Amino acid sequence: MAAPRLFRPAARLLSSRLSTPLRPTFRQSACAPSILRFRGYATQGGVKDVTVRDALNEALAEELESNQKTFILGEEVAQYNGAYKVTRGLLDRFGPKRVIDTPITEAGFCGLAVGAALAGLHPICEFMTFNFAMQAIDQIINSAAKTHYMSGGIQPCNITFRGPNGFAAGVAAQHSQDYSAWYGSIPGLKVVSPWSSEDAKGLLKAAIRDPNPVVVLENELLYGQAFPMSEAAQKDDFVLPIGKAKIERPGKDLTIVSLSRCVGLSLNAAAELKQKYGVEAEVINLRSVKPLDVETIVQSLKKTGRIMCVESGFPMFGVSSEILALAMEYGFDYLTAPAVRVTGAEVPTPYAAGLEEMSFPQVDTILGQATKLLRL
Amino acid sequence: MLLNSLKSARAVPWVRPVLCTPRRSLAHVANLEDVPTEDDKPFSVPIAEDSFDTYHLDPPPFSVETTKRELRNLYHDMTMIRRMELAADSLYKDRKIRGFCHLSTGQEAVAVGIEHALTKADKLITAYRSHGFTLMRGGTVKSIIGELLGRRDGISYGKGGSMHMFCESFFGGNGIVGASVPLGAGIAFAQQYNDIKNVTINLYGDGAANQGQVHESFNLAKLWNLPVIFGCENNKYGMGTSVERASAMTEYYKRGQYIPGLRINGMDVLAVLSAVKYGKKFVQAGNGPLVYEYLTYRYAGHSMSDPGIAYRSRDELKQERANDPISNFKERLIDWGVFSEDEAKAIDKDVRSKVNSEVAEAEKMPAPEMKMDILFEDMYVRGSEPQQRRGRTIDETYYQG
């Protein structure tokens with residue numbers, strides 16, 4: 001089998017292509033990620049603790065400030081200051097033309113936002129949670145994701161869908177679903193899922209600037225969590241590249257691939273692995289579900305020989321299924337043990353606390369699987 | 001319930017006396033005097049009195065200011081759509097067009113009447129029966145037929161097909177019934193946001209009229225006073241289901257409830273023209289949205305696989321064909337002395353040869369090459385594509401650039 005070409009110089013990605021005037025070309029300069037400046041921020045001074053909520057709020061404010069075509073709409077985003085206060089203060093600062101309360105009418109306002117994007121605006125469509133976006137998923141997939149391709153490239157759709165996704169505490173089945181796999185499977189979409197405050201700010205800004213439809217899957221339980229934010233990330237030109245994962249913790253014995261809130265759980269598990277067994281687990285924060293950073297995952301797998309995926313979606317046909325399949329396709333010869341996954345359970349999320357705990361990955365679950373995988 | 005809503009609505013300032021004339025088949029309008037000899041000199045032509053039914057709205061003028069040139073153009077454009085659709089019909093029967101192909105024969109007056117009331121700065125979005133609208137908005141017969149044939153030089157580069165054609169100020173061809181209606185509200189929203197005083201024509205069928213998101217769009221449009229004219233093209237059947245079997249209330253122009261409405265004889269291009277001109281002024285004056293209903297009829301089946309006779313009688317079809325928008329209009333223009341029978345025939349001949357030659361050109365266009373570059377192109381805006389995309393196997397993974 002011909003070895004797949006995996007590692008291409010990143011510069012090639014940005015290389016310009018011939019384009020006809022009818023097909024608009026995205027000016028990369030508009031959102032060239034400041035990777036170089038971003039590297040090594042951890043050692044710089046001026047680091048500040050910022051909650052994910054404030055990081056998102058900052059990203060929204062900066063993008064609303066810099067681009068008049070951008071506006072945000074959704075349920076309770078304006079006068080109420082956001083159901084989860086992510087849009088706090090934006091109405092006062094930008095006025096009702098740019099920060100728009102909608103009725104509870106997901107298919108209607110999501111479709112309207114997509115239409116406005118087709119007509120050249122850059123809407124940010126907030127869903128109070130992504131559970132409610134199911135009412136509008138046809139607009140996200142059939143109207144937003146596919147139109148550019150179907151039109152032969154003459155009809156772009158620059159829109160950002162955002163809101164809390166996945167597990168939240170004590171809200172039962174209809175409000176606790178992870179949609180990463182749903183949106184991640186759709187050609188034409190880009191999907192990001194931030195964990196830390198830097199992720200949240202950098203990825204949301206990248207999503208708003210990206211000329212394609214981008215789904216930003218946030219997590220309600222992370223909103224109030226504070227993370228250190230580098231000086232570079234505090235600036236208004238801070239953008240993270242979509243499609244690049246981040247190695248949150250380097251290691252040589254085991255690769256743990258995770259996203260969103262499970263990154264934090266994985267890091268805790270990795271710390272315990274080190275403490276109890278002296279094992280060095282490498283934790284990869286995916287950041288981007290689509291496109292997936294296959295290169296970083298496979299490179300890590302080649303180094304450690306073992307891979308585990310940790311996520312909170314349903315187990316069947318999910319993000320971890322995909323990661324495991326990729327591990328086999330690209331890294332089979334490097335694996336020294338079967339790849340494993342830790343996921344949400346295949347059950348509608350129950351309400352009672354104990355049962356709920358059994359439905360989602362906990363640090364213990366991750367630790368248990370890791371020790372089994374490493375035969376510790 | 002309906003009466004209640006009418007009564008309560010009467011208290012609202014914009015409510016005007018309801019004019020409800022029973023619908024009859026279009027009466028012939030009396031001969032016209034004073035038709036100028038010059039092609040571009042404006043004069044007024046009458047519209048039959050039974051062309052409109054109103055809902056909380058004054059009727060549009062029963063005459064329209066026009067010129068001989070414009071009248072001939074209206075006839076020319078309707079004939080062009082008819083010819084193009086017939087060409088598509090025969091290409092489909094020759095198995096050269098694949099998949100879905102929804103023809104608009106019988107409904108030409110709607111597309112043509114609307115377009116002649118608009119400028120190119122006005123926006124239009126429609127559902128899947130879109131060939132006529134694409135042509136009117138600026139697509140060429142060659143590019144449309146090329147698209148139907150799946151050719152590289154088709155209007156969507158062979159990627160969209162019958163239901164997905166776009167051009168400037170035309171937002172498609174949309175394949176999901178009802179889903180284009182909120183999009184149209186969004187396009188109008190963008191016009192309002194950018195402070196552009198134009199109108200969005202937002203079309204859907206009688207089948208789509210029962211979709212929840214159509215009503216969600218009505219609410220948002222009225223709530224935010226959007227410059228949009230919703231338009232239900234009522235061709236009496238949603239696929240094979242007649243309006244009576246699908247809708248608890250078939251007066252679609254009243255479906256906006258709190259939005260003024262107008263039912264238009266969609267078989268008369270002049271009635272459509274007058275109504276849309278009038279609606280455009282109404283909307284531009286900041287009065288908010290309108291809900292129009294264009295009463296029309298589809299001669300062909302729903303799509304090519306439907307002979308169109310299982311759910312309607314041949315007699316009905318024959319009766320409707322007697323009310324043909326093109327031949328009726330031609331007779332009127334001859335009666336009015338706008339053109340002679342021979343001149344009409346000359347237009348027909350000219351259109352036929354134009355369509356035939358463009359179809360021949362389209363048939364000569366190459367199909368898209370079976371290359372990864374072409375398969376994966378334009379999924380994302382150029383310059384912002386992901387680095388790699390997977391093909392059918394790992395060996396077919398496509399690397400950008």
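This report covers the chains, domains, contacts and selected residues of a predicted model.

## Chain A: overall make-up

Chain A holds 14 helices and 14 strands. Of its 376 residues, 56% are buried. Among contacts between residues at least 6 apart in sequence, 79% join residues at least 24 apart.

## Confidence in chain A

The average pLDDT of chain A is 91, and 88% of the residues score at least 70. Where pLDDT is low, the predicted coordinates should not be read in detail.

## Two domains in chain A

Chain A splits into domain 1 (50-234) and domain 2 (246-373). Their centres, taken over C-alpha atoms, are separated by 26 Å. The contact between them draws 23 residues from domain 1 of chain A and 26 residues from domain 2 of chain A.

On the domain 1 side, three elements each supply at least two residues: helix 7 (180-184), strand 6 (190-192) and helix 8 (197-209) of chain A. That side of domain 1 of chain A consists of 13 nonpolar, 7 polar and 3 charged residues.

## Strand 10 of chain A

What is the sense of the pairing between strand 10 and strand 11 of chain A? The two strands run parallel, joined over 5 bridges, with strand 11 covering residues 281-285. Ser258(A) stands opposite Asn285(A) of strand 11 of chain A.

## A cis peptide bond in chain A

The peptide bond between Lys290(A) and Pro291(A) is cis, with omega at about -5°. Pro291(A) sits in the loop between strand 12 (288-290) and helix 11 (294-304) of chain A.

## Chain B: domains and annotation

The domain assignment gives chain B a domain 1 made of two segments, 2-19 and 42-368, and a domain 2 at 374-401. The C-alpha centres of these two domains of chain B lie 37 Å apart.

An unreviewed UniProt entry lists residues 77-370 of chain B as "domain: Dehydrogenase E1 component". Over residues 77-370, chain B is 46% helix and 11% strand.

## Where chain B meets chain A

The contact takes 41 residues from chain B and 52 residues from chain A. On the chain B side, the elements giving two or more residues are helix 6 (180-193) and helix 7 of chain B. Helix 6 of chain B gives the most, with 9 residues. The chain B side divides into 19 nonpolar, 15 polar and 7 charged residues.

## Ala208(B): a buried loop residue

Ala208(B) lies in the loop between strand 5 (200-205) and helix 7 (212-223) of chain B. Is Ala208(B) buried or exposed? Ala208(B) counts as buried because 22 C-beta neighbours fall inside 10 Å, and the cut-off for burial is 20 or more.

Beyond neighbours within four places in sequence, Ala208(B) contacts Ala127(B), Val177(B), Gly178(B), Val181(B) and Val214(B). Val181(B) is 27 residues away from Ala208(B) in sequence, and their C-alpha atoms are 8.9 Å apart.

## Two positive phi values in chain B

Asp195(B) has phi near 60°, a positive value in a residue other than glycine. Asp195(B) belongs to the loop between helix 6 and strand 5 of chain B. Asp195(B) is exposed because it has 6 other C-beta atoms within 10 Å.

Lys236(B) likewise has a positive phi, near 80°, and is a residue other than glycine. The loop holding Lys236(B) runs between strand 6 (228-234) and strand 7 (237-238) of chain B. With 16 C-beta neighbours inside 10 Å, Lys236(B) counts as partly exposed.

Conventions:
Residues are numbered from 1 along each chain as its sequence is written. Chains are lettered from A and ligands numbered from 1 in the order in which they are written. This is a predicted model: local features need pLDDT of at least 70, side-chain atom pairs count only at pLDDT 80 or more; totals for chains, interfaces and linings use all residues. UniProt positions are given in the numbering used here, feature names are shortened, and annotations may be inferred rather than shown by experiment. Helices (H or I, at least four residues) and strands (E, at least two) are DSSP runs, numbered from the N terminus. A residue is buried if 20 or more other C-beta atoms lie within 10 Å of its own, exposed if 12 or fewer, and partly exposed in between; C-beta atoms are placed from the backbone. Two residues are in contact if their C-beta atoms, placed from the backbone, lie within 7 Å. Domain bounds come from an automatic or database domain assignment. pLDDT is the predictor's confidence in each residue, from 0 to 100. Ala, Val, Leu, Ile, Met, Phe, Trp, Tyr, Cys and Pro count as nonpolar, Asp, Glu, Lys and Arg as charged, and the others, Gly among them, as polar. Two strands pair if DSSP finds at least two bridges between them.
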